[in-house]
Amino acid sequence: MEILQKVTSGFSLDLGPVKEPLGFIRILEWVFSICAFATTGGYVGSTVATITCGKTDEVTAHFGYPFRLPSQPYDIIHCNGTKNVTYLQGDFSSSAEFFVAVGVLGFLYCTFTLILYLGYQHIYRESNRGPTIDLIVTGIFAFLWLVCSSAWGKGLTDVKYATDPARIVKNCMPDICDLKSYPSMGRLNASVLFGFLNLILWAGNCWFIYKETPFHKPTNPPANAEEGVSTS
């Protein structure tokens with residue numbers, strides 16, 4: 001109850017922490033967390049090949065987040081008039097959804113701590129508990145960014161292989177099939193980059209949060225310093 005009263009009545013906007021590494025890096029983490037999950041979630045792409053049988057027809061296989069590729073079938077119309085329903089192969093949803101989940105949770109945690117830094121700095125610093133918990137959670141997120149970025153990087157490599165138009169060409173043989181266009185993967189490549197940038201930011205920020213904890217600042221002055229003051 002006492003904490004609730006402090007929260008409701010103790011808001012005091014102070015932009016000072018933004019000028020310090022602690023707050024500035026947190027803002028960068030907030031921005032790059034958004035970039036990470038936004039470039040992955042909602043992605044839609046397509047891989048296209050052509051079949052030439054007197055006339056040219058396109059074969060288009062659509063896919064997108066969360067990259068359960070068999071969930072979106074595509075049709076191959078052969079030169080003899082038959083139709084073959086085909087599926088892209090591979091389910092890469094686990095790594096993609098894990099990556100997006102870490103990004104969303106990181107964004108929410110950054111939002112919470114920025115409000116704490118800028119509006120409730122006195123509560124954050126009134127005891128050692130705030131910086132210590134912040135250090136532990138930030139360290140956990142740094143580890144999560146390492147794991148999810150590595151997993152999604154591997155998953156993206158598999159997505160690129162599974163959606164290669166050459167695989168469609170292979171499926172539509174013995175008709176005359178040609179590659180037309182590769183799916184645009186620039187946005188997904190950027191997502192992996194943002195993931196590892198987040199790893200660097202969150203891991204680096206651990207040092208600045210560590211400086212706010214009692215592990216870095218001794219609670220009592222050294223004994224020789226006290227003796228020097230008393231003798232003087």
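Lys154 and Asp158 are 4 residues apart in helix α5, so about one helical turn separates them. In this predicted model, their side chains meet in a salt bridge, with 2.8 Å from N to O. Asp158 has a relative accessibility of 25% and counts as partly exposed, because the partly exposed class runs from the 20% limit for buried residues to the 50% limit for exposed ones.

## Salt bridges

Side chains of opposite charge can pair when their charged atoms come close. A search of the whole structure finds 4 salt bridges. Arg26, Glu29 and Asp134 are linked in a network of such bridges.

Arg26 and Glu29 are both buried.

Arg26 also forms a salt bridge with Asp134, where the closest N and O atoms are 2.9 Å apart. This pair links distant parts of the chain, since Arg26 is in helix α2 and Asp134 is in helix α5, 108 residues apart. Asp134 is buried, as is Arg26.

The table lists the bridges described here.

| Residues | N to O distance |
|---|---|
| Arg26 and Asp134 | 2.9 Å |
| Lys154 and Asp158 | 2.8 Å |

## Aromatic pairs

A pair of aromatic rings is described by the distance of the centres and the angle of the planes. The count for this structure comes to 12 aromatic pairs. One of them is formed by Phe99 and Trp145, with 5.9 Å from centre to centre and 80 degrees between the planes. The pair is edge-to-face, because an angle over 60 degrees falls in that class. Phe99 lies in helix α3 and Trp145 in helix α5, so the pair ties together parts that are 46 residues apart in sequence. Phe99 is buried, with a relative accessible area of 0%. Trp145 is buried as well, with a relative accessible area of 0%.

Phe141 and Trp202 form another aromatic pair, with 4.8 Å between the centres and 35 degrees between the planes. Phe141 is buried at a relative accessible area of 8%. Trp202 also counts as buried, at 0% relative accessibility.

Elsewhere, ring pairs link Tyr43, Phe63, Tyr65, Phe67 and Trp152 into a cluster.

Which residues make the nonpolar surface patch of about 420 Å²? They are Phe98, Phe143, Leu146, Val147 and Phe196. Helix α5, which covers residues 129-162, gives the largest share of the patch, with 3 residues. Phe98 lies in helix α3, residues 93-119. The relative accessible area of Phe98 is 31%, and the residue is therefore partly exposed. That value also meets the patch condition, because patch residues need over 30% relative accessible area.

## The sheet

Strands of a sheet pair through backbone hydrogen bonds, either parallel or antiparallel. Here an open sheet of 3 strands has the order β2-β1-β5, and the pairing is antiparallel. The edge strands are β2 (55-64) and β5 (177-181), each of which pairs on one side only. From one strand to the next, the twist averages 25 degrees. Strand β1, residues 44-53, pairs with β2 in the antiparallel sense over 10 bridges. Val48 stands opposite Thr60 in β2.

## The whole chain

How many helices and strands are there in the protein? There are 8 helices and 5 strands. Along the sequence they follow the pattern α-α-β-β-β-β-α-α-α-α-β-α-α. The protein has 232 residues, of which 39% count as buried.

Terms used
Residues are numbered from 1 along each chain as its sequence is written. This is a predicted model: local features need pLDDT of at least 70, side-chain atom pairs count only at pLDDT 80 or more; totals for chains, interfaces and linings use all residues. Side-chain values use heavy atoms; hydrogens and water are left out. Two strands pair if DSSP finds at least two bridges between them. Helices (H or I, at least four residues) and strands (E, at least two) are DSSP runs, numbered from the N terminus. Axes are lines fitted to C-alpha atoms, for helices over the stretch in contact, and angles run from 0 to 180 degrees between N-to-C directions. Patches are made of residues with over 30% relative accessible area and no salt bridge: like charges are joined within 9 Å, nonpolar side chains (Val, Leu, Ile, Met, Phe, Trp, Tyr) within 5 Å. Accessible areas come from the Shrake-Rupley method with a 1.4 Å probe; for residues, only the protein chains shown count as cover. Buried means under 20% relative accessible area, exposed over 50%, partly exposed in between (1.4 Å probe, protein chains only). Rings of Phe, Tyr and Trp (its six-membered ring) pair if their centres lie within 6.5 Å; planes under 30 degrees apart count as stacked, over 60 as edge-to-face and the rest as tilted.
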